[in-house]
Amino acid sequence: MNAETILELQDLTIAFGGEPVVERLSLRVDAGETLALVGESGSGKSVSALGAMGLLPADTRIGGTRHMAGHDLGALNAREWQRLRGNQVGFIFQEPMTSLNPLHTVGKQIGEMLRLHRGLRGREARREARELLEQVRLPRPEELLDAWPHQLSGGQRQRVMIAMAIANRPRLLIADEPTTALDVTVQQEILHLLRDLQARHGMAMLLITHDLNLVRRHADRVCVLYRGREQETGPVQRVFEAPESDYTRTLLAAEPDGRPAPCHAATTLLEARDVGVTFARPKRLLAKRPPDFVAVKPLDLHLARGETLGIVGESGSGKTTLAMGMLRLNAARGEIRLDGTRLDALSGKALRRQRRRAQIVFQDPYGSLSPRMPVFDIVSEGLRYHHPHLGDDEVRERVVTTLREVGLPEDVVSRYPHEFSGGQRQRIAVARAIILEPDLVVLDEPTSALDRTVQKQLVVLLRDLQARHGLSYLFISHDLSVVRAMAHRVLVMKDGEVVEQGDCEQVLHAPSSDYTRALLGAAGLLSAR
Amino acid sequence: MATSPARKSRLSPITRRRLRIFRGNRRAWISFWCFLALFTLSLGAELIANDKPLVMHYQGHWYAPLLVDYPETEFGGFLPTTADYRDPFVAEEIEAHGWMLWPPIPFAFDTLDQQLSHPAPSPPDARHWLGTDDQGRDVLARVIYGFRLSVLFALALTVGSLLLGVLFGGIQGYFGGKVDLIGQRLSEIWSGLPMLFLLIILASLVEPNIWWLLGIMLLFSWLGLVDIVRAEFLRARNLEYVRAARAMGLPPHLIMWRHVLPNAMVATLTFIPFLFTGAITTLTALDFLGFGLPPGSPSLGELVAQGKNNLQAPWLGITAFVSLSLMLSLLVFIGEGLRDAFDPRHIEHAERAQVPIPQSEAPPHDPAAEREHVDER
């Protein structure tokens with residue numbers, strides 16, 4: 001290939017306040033090529049791209065040389081930068097919810113790009129904007145031009161972002177985690193779209209991501225970053241099949257693997273009959289009350305002791321709502337029995353007493369621990385309430401034992417959550433749940449906010465705990481590879497309905513519904529077999 | 001770790017960072033200490049401005065007129081009433097057989113000086129540093145007592161409103177739904193009642209004293225807080241760690257106390273200084289109109305009124321203006337500093353400016369932390 005080199009970085013070094021964040025990174029992106037920049041959070045992949053394009057705060061020190069289509073980027077003044085960005089370089093950011101201005105219509109925002117860089121106005125700009133929306137395959141482009149960002153779904157917003165990014169036919173497209181905030185099936189569509197656009201316009205694309213699945217299928221070459229250092233660069237095929245650096249090897253091996261230990265217990269722990277969740281819609285004055293919103297349609301489920309039931313679905317499919325309803329943290333209809341006790345018939349103090357037996361671990365390890373309490377208080381709080389007779393020494397001992405069980409050293413007890421990494425926080429959250437010796441633990445996307453390598457460790461920990469204490473898990477996730485490593489049985493949900501359920505291996509091997517197949521395809525699990 | 005564990009367990013890192021930002025704001029920090037010094041001084045107003053000697057020695061005996069009322073007969077007078085130490089006869093008698101130690105300002109707020117060099121209101125001189133008002137009372141003494149009264153009144157009002165506001169706001173916010181709806185409507189109706197008119201009507205029915213004023217104002221002042229606390233509770237009740245606490249089976253009062261309240265207090269605390277200044281201003285306004293504290297009480301509002309009625313004696317108006325504006329400015333500066341210190345965006349900025357990578361361990365050489373540590377000792 002002797003395509004034109006669009007972006008070339010040599011020995012790029014970026015430092016914040018004397019602290020180097022990226023060190024001696026060299027890379028090159030050719031026209032029509034996709035280079036993936038891969039690494040875990042904090043590895044400096046976004047910073048490199050932003051630094052190369054001069055989008056970091058003024059006090060950042062940037063070393064090395066940067067060339068864009070023959071121009072030295074280090075020598076540009078503010079005006080030239082402005083002409084470059086948006087004109088020659090397009091950006092797509094991760095968060096489609098916040099990267100569009102909520103106060104302007106879609107058409108106006110696209111029009112602004114066209115006006116600033118190409119001087120198009122009025123009807124002409126509108127026609128061009130319409131064309132762009134068609135290019136990113138948005139339905140009803142004429143209507144959408146006058147839509148407000150909040151009226152669009154996440155995927156649609158991301159398409160609008162892409163339309164804005166390609167509005168001026170840039171030569172380089174920088175896509176910073178373009179699909180992380182989207183559902184897996186939508187992810188696929190967006191990436192295919194990017195691929196098409198790239199082929200049509202001959203753009204170079206710098207794809208920043210942490211998801212190796214995406215890289216494997218959508219990139220030509222890959223550059224692996226670890227702690228701001230380049231680990232290796234090469235064609236995707238070669239890097240995935242014969243990784244040269246140790247770090248790449250760990251990253252590739254970090255796919256959660258293994259299966260949960262088989263579950264033999266036959267006693268049913270949790271049984272739900274006709275459990276459904278509906279929310280009343282707000283009623284306007286003097287209007288008829290609109291029909292209730294059905295978040296979860298009535299369904300049955302059961303869970304044996306020591307068993308893991310994976311609940312799979314995209315955002316909005318009602319999987320979390322269902323779990324919350326089962327724990328009676330949300331209002332739910334139907335019959336819920338935990339070890340023979342009717343949870344739905346209890347209230348007040350009796351219900352609180354039962355809560356000890358069903359614990360929960362949340363998705364966001366940053367939000368689920370009170371920032372004002374040290375770890376000891378966080379972990380011991382429930383214990384103190386449910387076992388008020390325990391002395392201080394006993395409480396302390398139980399806390400330390402539990403922390404050790406989740407793989408945290410004893411000296412963490414006096415520290416505060418902000419001092420821990422995401423994985424460690426999630427361990428603290430697990431400790432808080434299991435110290436009460438529950439029978440059932442609801443795991444609500446416990447791994448989705450974590451890096452792959454950390455995910456794997458957490459999965460191993462959770463399986464260990466299950467084997468040791470005979471815990472039952474309700475494991476909620478959209479990530480099928482994690483579900484496969486955790487669950488005995490799977491329940492696939494879509495729009496509040498059960499699409500499919502059954503043995504995990506069977507569902508994942510031979511899905512009976514199209515939806516499950518789509519999910520599997522998106523997660524890259526279907527092609528493997 | 002740069003800090004000792006004992007200190008850590010008392011103050012959470014967030015609190016410490018806020019404290020650091022507050023200290024970094026020099027204007028607020030200096031105002032805080034100035035206000036604290038003035039308030040502490042005014043607490044000892046009896047020792048600074050009084051018409052009784054602090055201690056005296058008479059015919060070989062010690063007396064403490066500040067604490068004990070001695071009859072005039074004790075010092076060779078004729079009347080069995082409490083001795084008036086400013087009476088030339090009594091003063092001469094005591095000086096002849098011992099000595100008296102006077103406070104720096106030998107007048108209390110209600111002492112009528114009978115020996116004025118000019119007719120009242122008399123201008124500032126060596127005897128009355130800020131002059132006297134139109135009844136011959138020392139202005140400086142009245143300012144000191146008035147300052148104390150205003151601040152204490154505002155303090156009581158703030159604490160009271162805080163308790164009521166957090167209680168009602170918390171209950172409305174945490175339970176939400178119907179409780180919230182009904183509570184909000186009730187408090188809207190309640191806040192429609194005109195407080196000033198109520199006070200004026202009250203003034204014609206009873207002799208308003210400080211407790212009446214406090215009570216009536218307390219009935220309304222907490223309403224402003226309810227909205228803030230309620231909003232914070234509404235937000236916090238859906239936070240994941242609050243849900244985790246619910247899943248753990250903790251009863252509502254514990255969750256509110258341990259998990260929700262600390263969050264809500266941040267927004268509330270920033271509101272307090274402004275509540276405080278509001279209370280002082282209201283009290284001053286009522287006094288100025290004559291519907292406030294009973295006549296004769298040391299009040300800044302009454303001083304303002306005197307300044308208005310005696311334009312030929314500018315020291316009255318000027319003193320009132322300077323003391324009020326100084327007090328309110330200090331409070332506003334402190335309030336601003338607090339607000340900035342508790343503003344999460346501000347914290348982010350300060351943090352980014354200091355340490356780029358705040359994860360895991362504390363940075364080994366954080367000059368700010370070390371400086372702070374030295375300050376502690």
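**Note on the sheets and domains of chain A**

1. Chain A holds an open sheet of 4 strands in the order E12-E11-E14-E15, with antiparallel pairing. Its edge strands, each pairing on one side only, are E12 (293-304) and E15 (341-342) of chain A. Strands (E, at least two residues) and helices (H or I, at least four) are DSSP runs numbered from the N terminus, and two strands pair if DSSP finds at least two bridges between them.

2. This is a predicted model: local features need pLDDT of at least 70, side-chain atom pairs count only at pLDDT 80 or more, and totals for chains, interfaces and linings use all residues. Residues are numbered from 1 along each chain as its sequence is written, while chains are lettered from A and ligands numbered from 1 in the order in which they are written.

3. Over 8 bridges, strand E11 (residues 268-279) of chain A pairs with E12(A) in the antiparallel sense. Leu303(A) in E12(A) is the bridge partner of Leu270(A). Helix H11 (residues 319-326) of chain A packs on this sheet, touching E11, E12 and strand E14 (333-338); contact requires C-beta atoms, placed from the backbone, within 7 Å. The direction of H11 makes about 120 degrees with that of E11(A) (axes are lines fitted to C-alpha atoms, for helices over the stretch in contact; angles run from 0 to 180 degrees between N-to-C directions).

4. An open sheet of 6 strands, with mixed pairing, has the order E16-E17-E18-E13-E19-E20 in chain A. The twist averages 15 degrees from one strand to the next.

5. The domain assignment (automatic or from a database) gives domain 1 (5-101 + 169-253) and domain 2 (370-436) of chain A.

Definitions and conventions. Two residues are in contact if their C-beta atoms, placed from the backbone, lie within 7 Å.
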